[in-house]
Amino acid sequence: MHGCAGDVVEVAIGTGLNLPHYPAAIRLVGIDHNAPMLAIAEQRAAELGVGADLRVGDAEALDVPDGSVDTVVCTFSLCGIPDPHRAVAEMARVLRPGGRLLLADHVASSYAVVRGVQRLAELVSVPAAGEHFRRRPLHEVEAAGLEVTHRERFTLGIVERISATKPVARGEVRR
Ligand SMILES: C[S@@+](CC[C@H](N)C(=O)[O-])C[C@H]1O[C@@H](n2cnc3c(N)ncnc32)[C@H](O)[C@@H]1O
């Protein structure tokens, strides 16, 4: 996981598919509200020999102190979290000044025709599973006051990867 360092929180870690990609020298907390998925993540972490503190919790109300985390990771989950605005605000809250947010998600396509298909798919996926295809976490990241340092879109523009940092305020110390 490029750009990941120090104290890391993965929000909505699910079954831990990202676990093999973390560098060895981090301290990882993984949070998800689905206990059975976390149990699979526990097993995966044990098999990989990855140290991870996995906790049941809500992405919209993280049980993590303000400004205590170097890197927050969240992949393919903001599409299903009921209030992505609150979730990203929580991610920003727990980051230290200078800390980094790494996001990947499926988003509204850059092509109008594909967005039309996504809109139709949402007629089923939203009521059935709370799954959105046309969100843009980028807007939530900017609204949370983070500085986007890198972003790329691929697969017809439906997948977007974002890296953003929490600004260091004047007089504040970057740790
Ligand atoms: C599609 S899975 C992605 C899992 C993982 N991030 C990955 O990339 O493989 C979405 C995850 O979001 C979790 N989730 C949804 N809403 C949540 C919430 N409010 N708080 C915590 N986890 C949530 C689900 O339980 C599920 O594990």
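A pocket here is an open set of points on a 1 Å grid over the protein atoms alone, with protein on both sides within 12 Å along at least five of seven lines. Lining residues have an atom within 4 Å of a point. A volume is the space filled by probe spheres set on the points, which are joined across faces, edges and corners.

The model is predicted: local features need pLDDT of at least 70, side-chain atom pairs count only at pLDDT 80 or more, and totals for chains, interfaces and linings use all residues. Residues are numbered from 1 along each chain as its sequence is written, and side-chain values use heavy atoms, without hydrogens and water.

Start with the largest pocket. Its volume is about 490 Å³. The lining holds 23 residues. Nearest the centre lie Ala 12, Gly 14, Asp 32, Phe 76 and Ser 77. By class, the lining has eight nonpolar, ten polar and five charged residues. Ala, Val, Leu, Ile, Met, Phe, Trp, Tyr, Cys and Pro count as nonpolar; Asp, Glu, Lys and Arg count as charged; the others, Gly among them, are polar.

The ligand sits in this largest pocket, meaning that more than half of its atoms lie within 2 Å of the pocket's grid points. Around the ligand are 16 residues, each with a heavy atom within 4 Å of it. Ala 12, Asp 32, Asp 58, Ala 59 and Thr 75 come nearest. The shell has seven nonpolar, six polar and three charged residues.

Now look at the ligand's nitrogen atoms. A polar side-chain atom of Asp 58 lies 2.9 Å from one. Ala 59 places a backbone N or O atom 2.8 Å from a ligand nitrogen. For Ser 77, a polar side-chain atom lies 3.4 Å from a nitrogen of the ligand. Taken alone, the ligand exposes 600 Å², and the protein buries 81% of that (Shrake-Rupley method, 1.4 Å probe).

Turn to the second largest pocket. Its volume is about 360 Å³. Of its 19 lining residues, Met 1, His 2, Leu 102, Arg 161 and Ile 162 are closest to the centre. Nine are nonpolar, seven polar and three charged. β4 (69–75), β5 (95–106), β6 (147–154) and β7 (159–165) each supply at least two lining residues. Strands are DSSP runs (E, at least two residues), numbered from the N terminus.

Conventions: On a 1 Å grid over the protein atoms alone, a cavity is a set of points where a 1.4 Å probe fits but cannot get out, and a pocket is an open set with protein on both sides within 12 Å along at least five of seven lines; lining residues have an atom within 4 Å of a point. Helices (H or I, at least four residues) and strands (E, at least two) are DSSP runs, numbered from the N terminus. A polar contact is a pair of N or O atoms within 3.5 Å; within protein, one must be able to donate a hydrogen and the other to accept it, and residues adjacent in sequence count only if both atoms are side-chain atoms.
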